[in-house]
Amino acid sequence: MTARARRGAVVAAVAVVAAVGGGHPAGASRPPSPFPPTPAPEGGGGPGALWRAMAEAFDAASAAREPPPRPPVPVKVTWRARRVASIDLGAALLALTAGDLDGDARAELVALTERDVIVLRPTARGLVEVARAALPAEPAAIRPRDPVGAVVIAPGADGRSEVRARASLHGRGGRWILDGKALRELGPLAAFPLCGDLEAALVPGRNYFAGGAAGGAAPAGPAAKDEPAPVFHAVRCRSDVVDRAGRAVRAQVTVEPGGRATVVVETRCGGRDAGCVPRREHRLDGVGVAIELDDVDRDGTLELVTSGAGAPGDADAVAVWTLGAAGPSKKPVFRRGFSGGVVALGSGDVDGDGDRDVFAAVRLAGARKVALWLLH
């Protein structure tokens with residue numbers, strides 16, 4: 001390809017980019033950060049040079065139209081522990097999560113026991129049960145010594161939030177939506193839901209999972225040949241937050257046997273973010289299975305909420321760590337001890353005031369009654 005032809009290709013590419021990019025009216029909503037750079041491998045002769053010229057033109061046009069990020073607006077949060085309810089759930093609690101199931105901009109709490117999925121709603125006098133659904137009747141072929149459960153709230157195919165849950169005593173899990181005051185089952189779920197669309201399977205007879213969750217990969221993915229699949233107890237993800245500069249962030253924490261938590265934070269860096277670090281990885285030891293990850297005060301810095309690594313049902317504590325650029329804070333910004341074990345943690349804006357409310361579920365080993373604490 002001659003130099004004149006290459007220049008013509010660049011001009012044509014710029015024209016195409018302008019035509020494609022010009023479809024957004026002024027003030028229209030745009031992604032929080034640009035797409036990744038267009039792949040442009042070396043070689044290929046004339047066609048390769050044309051592709052690289054077009055890729056360069058596309059990326060330049062994308063950078064020129066990149067919207068300025070919007071920094072978050074912090075909400076004042078004072079950390080303190082307050083017991084809001086003591087509830088007999090009918091079976092031992094296994095997991096807890098929170099999310100808006102009915103579209104009223106307030107989160108509901110969803111508890112998973114050995115038998116049921118239960119939706120709870122905070123009130124001025126504590127918590128009330130909104131709906132309950134029994135887990136599928138099929139028994140598990142192999143059960144771990146200690147029961148294990150996982151529950152998440154994720155967007156469904158119709159845009160409504162759905163509950164996905166599975167407990168180790170049952171042969172399969174399920175998917176439900178909140179339909180008025182009832183949980184309506186949508187279909188079966190074979191694996192254990194971890195966060196978002198990530199799923200995993202228990203190691204047969206064990207209380208931990210196998211997959212590729214460590215380091216931010218999908219837990220359901222197979223291990224590389226001749227490499228053992230990583231094992232882990234719990235995973236939490238967060239993708240609805242931004243950093244202090246307003247750039248979109250996705251974070252994932254994985255708890256491994258032995259109590260080590262690995263946190264991976266991925267930032268969608270813009271074309272002009274010279275100092276932006278696209279991926280950071282941190283570790284924290286002495287962490288229990290109950291864990292949560294969120295930007296509680298909306299200041300652009302994530303909080304990692306952890307339980308202790310003791311035996312189930314033993315006296316426990318909840319600690320809150322801030323996740324800065326250098327990793328977890330040297331000391332927790334908040335810590336509260338409990339006489340029972342912290343079996344689950346969950347966060348969501350249950351009162352609609354803009355911050356994220358963090359809940360801790362405390363119970364004795366195997367007990368049906370659980371105390372729910374609000375941590376700020």
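The model is predicted: local features need pLDDT of at least 70, side-chain atom pairs count only at pLDDT 80 or more, and totals for chains, interfaces and linings use all residues. Residues are numbered from 1 along each chain as its sequence is written, and side-chain values use heavy atoms, with hydrogens and water left out.

**The chain overall**
- The chain has two helices and 25 strands (DSSP runs numbered from the N terminus: helices are H or I, at least four residues; strands are E, at least two).
- Of its 376 residues, 46% count as buried (under 20% relative accessible area, 1.4 Å probe, protein chains only).
- Among contacts (heavy atoms within 4.5 Å) between residues at least 6 apart in sequence, 49% join residues at least 24 apart.

- Beyond its neighbours within four places in sequence, Leu372 is in contact with residues including Val84, Ile87, Leu96, Leu120 and Ala361.

- From β18 (residues 291–294), Ile291 and Leu293 point one way. Glu292 and Asp294 point the other way, and all are buried.
- In a regular strand, side chains alternate between the two faces of the sheet.
- β18 and β19 (residues 302–306) run antiparallel, joined by four bridges. Pairing takes at least two bridges found by DSSP.
- Opposite Glu292 stands Val305 in β19.

Conventions
Buried means under 20% relative accessible area, exposed over 50%, partly exposed in between (1.4 Å probe, protein chains only).
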